[in-house]
Every structure is written in C-alpha cells, then in structure tokens.
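Please look through the sequence and the 3D structure shown below before reading on.

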Amino acid sequence: MNFWKMNGAGNDFIVLNNMDGQIPEEAFPEMARVLCERHLSIGADGLMAVGKPREGGDYRMIFLNADGSYGEMCGNGARCICRYGYEHGLAGDAARGDDGRPRDRAAGE
C-alpha cells in the first residue's frame, strides 16, 4: 500500500489515495486504528483518504481520527490534503474539496 505521511502545523497524518475506490470505505475505521497506533505501526494523529468527489470539487477528503472515528473537519488535515491534491495534479492553484460528510438536502446543505 502506498501512502504519504504529512505534517500540518504540528499534526501528522497518513494520506491514502483512493480515487480508484479500491479500498472500501467500510475498511477506513479499522485501518485508522491500526495504522495510526504510534507504538506498533506508522503512527499518526489521523488517517485521510482522497476519493472521488460526490458533488463538485476536485476530490473528496475522508478524515478519520486515530481512534477510527470520523472527523467532521480538521484544519491542519485540510492543509495536508490540499497540498497532496496539488502535488498529485488533482487540483490547480485553487482546490475545491468535498469534505466527505453526508449532506442533508432538506437542511439546505
């Protein structure tokens, strides 16, 4: 498995490219728990997967905390994911990202 280890303002993250969808999203929580364990594995504050956007955007950010829970947003992680998108040609000078959260159309989101 290829990954990037990135640091954003003191937080470190494991970044996986899942644009092709080869890793089922159901696997991400367990992957985060195992890979983010500092004493037994790579170690990180969180796991981020880059996926295809669902609605607009250049790519989708799926963010999980080290305990495997989904995070709504992480500013330091967003720094890393934007850099990743730029470095890998997923976006140009300006990136539009989908944060991966479910949308409630009735609530106007």
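A salt bridge is a side-chain nitrogen of Lys or Arg within 4 Å of a carboxyl oxygen of Asp or Glu. The model is predicted, so local features need pLDDT of at least 70 and side-chain atom pairs count only at pLDDT 80 or more, while totals for chains, interfaces and linings use all residues. Residues are numbered from 1 along each chain as its sequence is written, and side-chain values use heavy atoms, with hydrogens and water left out.

**Salt bridges**

How many salt bridges does the structure hold? There are six salt bridges in the structure, and three of them are set out in this table.

| Pair | Closest N and O atoms |
|---|---|
| R60 and E25 | 2.7 Å |
| D45 and R38 | 3.0 Å |
| R83 and E87 | 2.6 Å |

The elements named in what follows are helices (H or I, at least four residues) and strands (E, at least two), which are DSSP runs numbered from the N terminus. The salt bridge between R60 and E25 links distant parts of the chain, with R60 in strand β4 (residues 59-65) and E25 in the loop between β2 (11-17) and α1 (28-35), 35 residues apart.

To say how covered a residue is, the report uses relative accessible area, where buried means under 20%, exposed means over 50%, and partly exposed is in between (1.4 Å probe, protein chains only). By this scale R60 is buried, with a relative accessible area of 8%, whereas E25 counts as partly exposed at 31% relative accessibility. The side chains of R60 and E25 also make a polar contact of 2.7 Å. A polar contact is a pair of N or O atoms within 3.5 Å; within protein, one must be able to donate a hydrogen and the other to accept it, and residues adjacent in sequence count only if both atoms are side-chain atoms.

Within helix α2 (residues 75-87), R83 and E87 are four residues apart, and therefore about one helical turn separates them. Both ends of this pair are partly exposed, R83 with a relative accessible area of 48% and E87 with one of 38%. Elsewhere, salt bridges that share partners join K5, D12, R38 and D45 into one network.

Is D12 buried or exposed? D12, which has its place in strand β2, counts as buried at 13% relative accessibility. Its side chain is joined to that of K5 by a polar contact of 3.2 Å. If contact is taken to mean heavy atoms within 4.5 Å, and neighbours within four places in sequence are left aside, D12 is in contact with K5, M6, N7, R38, G43, A44, D45 and G46.

**The fold and its cover**

The protein chain has two helices and five strands, and from the N terminus on its elements run β-β-α-β-β-α-β. Residues 24 or more positions apart account for 58% of the contacts in the protein chain with a separation of 6 or more. Of the 109 residues of the protein chain, 39% count as buried. The protein chain exposes about 6400 Å², of which carbon and sulfur atoms supply 47%; such areas come from the Shrake-Rupley method with a 1.4 Å probe, and for residues only the protein chains shown count as cover.

Strand β4, where R60 lies, is mostly covered, as six of its seven residues are buried. Strand β3 (residues 46-51) and β4 run antiparallel and are joined by six bridges, where two strands pair if DSSP finds at least two bridges between them. In this pairing, G51 stands opposite R60 in β4.

**The start of the chain**

M1 lies in the segment before β1 (4-8) and is exposed, with a relative accessible area of 65%. Leaving aside neighbours within four places in sequence, M1 is in contact with L16, M31 and L35. From C-alpha to C-alpha, M1 and N17 are 9.7 Å apart in space, although 16 residues apart in sequence.
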